[in-house]
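Here is a friendly note to read alongside the model. Please keep the sequence and the 3D view open as you go.

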Amino acid sequence: PRVAVQALPPEPSENPTIDNYTEMRVALTKQASSVTVAASQGGAIVSTSGELLESLPANVGYQITADSRGLFVNGQPVPTAVWLEPDSGYVAVGDRWYRGRLLLVWQNGGVMTVNYVKLQDYLYSVVGAEMSASWSIEALKAQAVAARSYAIVHTVRHQGRTYDLDDTQRYQAYKGIATEASSTHQAVHETAGEFISYGGGVVESLYAANQDIVNDAHSGYGMSQTGALDLAQQGYRYYEILSAYYPDTSVGRIDIGD
């Protein structure tokens with residue numbers, strides 16, 4: 001790709017950013033007959049109106065099932081939408097642990113499990129799921145900005161449905177805390193609130209593993225992740241990498257006022 005001269009990203013700000021305020025809605029299951037959930041430090045299953053339905057001891061799995069009649073927790077009927085609210089720590093769906101909380105919804109005779117998770121915490125995982133956490137920090141920072149832009153677009157695009165995106169590569173790979181690392185935390189923090197901007201708007205920043213896939217899947221528009229790594233290893237900064245793959249764009253930031 002052609003690496004163009006680009007304006008520097010915004011100067012760091014003392015204000016909180018969109019990362020700390022936006023809650024992503026990530027579908028982990030869509031129509032499962034059964035899911036096992038847990039809370040690492042204990043928690044509760046509550047109705048959408050706040051009524052306590054079940055207290056969860058720490059690290060104890062609870063089976064959520066569904067059939068044509070509705071939702072069940074360990075065989076006992078519950079409303080068609082309930083929250084799993086952790087006291088602290090993490091929540092589990094199957095064998096994966098996640099930050100945030102869970103919304104469990106009866107849908108077409110199955111269980112939809114939606115992870116409500118702060119954008120910052122979501123990106124910790126996505127960066128490490130989409131790239132190796134051992135890659136150059138500048139490549140990881142480019143991935144963090146691209147993933148944040150993509151996520152922001154989808155929070156707006158899908159407001160009318162139960163989830164913004166799912167956990168697969170159909171949207172962005174997301175595997176909970178298993179793909180977090182100190183390097184992914186660093187990449188997210190050092191680009192806090194930053195997104196790819198064009199004409200004052202947020203770019204749906206498509207990307208793929210390599211340029212061949214970008215060409216085939218996205219008609220040549222988008223970031224090659226291996227290409228980003230190569231540029232980072234050549235000494236390019238993350239905003240220069242983004243400029244190479246998203247021409248005529250700049251890096252903006254969404255701050256939240258006091």
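The points below look at a pair of helices and then at a sheet.

1. This is a predicted model, in which local features need pLDDT of at least 70 and side-chain atom pairs count only at pLDDT 80 or more, while totals for chains, interfaces and linings use all residues. Residues are numbered from 1 along each chain as its sequence is written, and side-chain values use heavy atoms, leaving out hydrogens and water.

2. Start with helix 2 (residues 137-157) and helix 5 (residues 225-233), whose axes come within 8 Å and cross at roughly 140°. Helices here are DSSP runs of H or I with at least four residues, strands are runs of E with at least two, and both are numbered from the N terminus. Axes are lines fitted to C-alpha atoms, for helices over the stretch in contact, and angles run from 0 to 180 degrees between N-to-C directions.

3. Which residues make the contact? Glu138, Ala139 and Gln143 come from helix 2, and Gln225, Ala228, Leu229 and Ala232 from helix 5. Contact means heavy atoms within 4.5 Å.

4. Now find the open sheet of three strands, ordered 15-14-18 with antiparallel pairing. Strand 15 (201-202) and strand 18 (250-253) are at the edges with a single partner strand each, so one side of each has no neighbour in the sheet. Two strands pair if DSSP finds at least two bridges between them.

5. Strand 14 (residues 194-198) pairs with strand 15 over two bridges, in the antiparallel sense. Tyrosine 198 stands opposite glycine 201 in strand 15. Helix 2 packs on this sheet, touching strand 14 and strand 15, and its direction makes about 70° with that of strand 14.
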